[in-house]
Amino acid sequence: MVTQPLFDLFFQRYGKPEKIPQIFFAPGRVNLIGEHTDYNGGFVLPCALQYGTYLIIRKIDEPIIRLASTNMDLYTEIPLSESFCQIKNQWVNYPLGVLAQFLQRNIAIGGLELLFSGDIPNNAGLSSSASIEMVTAYGMNSLYQSDLPMLEMIKLSQKAENQFVGVNCGIMDQFAVGMGEKNHAIFLNCKTLEYKLVPVLLEGISMVVANTNKQRGLADSKYNERVAECQMAVAYLGDLFDVSQLSEISFMQFYKVQDQIPDEVIRRRARHVISENQRVLNAVSCLWNNNIQEFGALMNASHESLRDNYEVTGFELDSLVDEAQKMHGVIGSRMTGAGFGGCTVSLVRNESLNTFIEEVGEKYKARTGLTADFYVVEVSDGVRKIIN
Ligand code: GLA
């Protein structure tokens, strides 16, 4: 991205071109496999994208924080003398939550002007929110020279979302946005936070993200409901195995005792998490061994479990995945992110790419009445400063 258009947008909004702001970028992410495992202490395999959020930011002398976005209407000014309060259902809660975390760490903040500009679809399961949080944390850390290590910025951003926004998300998104590396997926153990970068070398194959464009209505509350259901599953199984998180139970162990969970819904939720955890391990071996066909089969199995056991897909995601999986040249396809609408990710052989986009788009429209957007994505680097 050339920086001049971003400076122009900033000066249009805030004026005074004599004080030059700084520019930062944080990517969105796509998760290849390992869905709804992170808050259960399990494994995930996300990668950072070339799409994301730019933050253009400068210090000002007035004791006020100004927040604007080129993607959203709401413009906010908050005097530094006031404490930050959540503004219901508004994008500014993401940066405000991060600023509040800086204050909690006694990092003194002065007046600021911030402009966000993103090229990832909002609220589509590609972590536009983690991207805003991380670009804010990284930009603030750099501006105020607060020397927070990357892992601290990741944890702080997750806390902002948990405490300020009110979504009990795991750590996957912020971690992927922070630690992403070009052409690598991040194999993360969400319990210990140990991770390995696994090369994603898809010769002759494209990674395609497709947005269902379904409004994600009550996604946040349904997400929190799933988190609570997993805690109930632990309450049923915890004593048998002396564990505090579902990821500590292997699929064989679960298989033997699953009937101890009297509630059939909770049993299915646990089945998803525990089987998905194993699928991530298998998928990582496939990547190391360049067994991409088997990797695709695991993606398909992941979607099936998210649909039948975890019930976070819905008609639109299922239709898009179903049409994709039927196409010639498709290695695997699944929903990605929290679900309840949002995006799918598919691996498609290059020679079939154009037909895939055209035909899946048509068939999806015929089934749902909605137009899907397709993005051929690249696995890219994590959050960074953009130097002129
Ligand atoms: C959202 C959350 C993540 C993770 C995924 C589902 O993206 O922010 O922490 O739980 O959903 O895998």
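**View 1. The largest pocket lies between domain 1 and domain 2.** This is a predicted model: local features need pLDDT of at least 70, side-chain atom pairs count only at pLDDT 80 or more, and totals for chains, interfaces and linings use all residues. Residues are numbered from 1 along each chain as its sequence is written, and side-chain values use heavy atoms, with hydrogens and water left out. Domain 1 (4-199 + 381-385) and domain 2 (205-377) both give residues to the lining, so the pocket lies between them. The domain bounds come from an automatic or database domain assignment. A pocket is an open set of points on a 1 Å grid over the protein atoms alone, where a 1.4 Å probe fits, with protein on both sides within 12 Å along at least five of seven lines; lining residues have an atom within 4 Å of a point.

**View 2. The lining of the largest pocket.** The volume is about 1200 Å³, counted as the space filled by probe spheres set on the grid points, which are joined across faces, edges and corners. The lining has 49 residues, and Y94, N123, S129, R216 and D220 are the closest to the pocket centre. Elements that give two or more residues are α2 (93-104), β6 (111-118), α3 (128-143), α4 (150-165), α5 (172-179) and α6 (219-241). Helices (H or I, at least four residues) and strands (E, at least two) are DSSP runs, numbered from the N terminus. The largest share, 4 residues, comes from α6. By class, 19 lining residues are nonpolar, 21 polar and 9 charged. Here Ala, Val, Leu, Ile, Met, Phe, Trp, Tyr, Cys and Pro count as nonpolar, Asp, Glu, Lys and Arg as charged, and the others, Gly among them, as polar.

**View 3. The second largest pocket.** This pocket holds about 150 Å³ of space. Its lining includes N183, L201, M207 and E378. β9 (205-211) and β12 (373-377) each supply at least two lining residues. β9 gives the largest share, 3 residues. The lining has 8 nonpolar, 2 polar and 1 charged residues.

View 4. Residues around the ligand include H36, D38, Y39, C169, Y223 and A338, each with a heavy atom within 4 Å of it. A polar side-chain atom of E35 lies 2.7 Å from a ligand oxygen atom. For R29, a polar side-chain atom is 3.0 Å from an oxygen atom of the ligand. A polar backbone atom of G170 also lies 3.0 Å from a ligand oxygen atom. The protein covers 93% of the 300 Å² of accessible area that the ligand has on its own, by the Shrake-Rupley method with a 1.4 Å probe.

Note on methods:
Polar contact = N/O pair within 3.5 Å; in protein donor to acceptor, adjacent residues only side chain to side chain.
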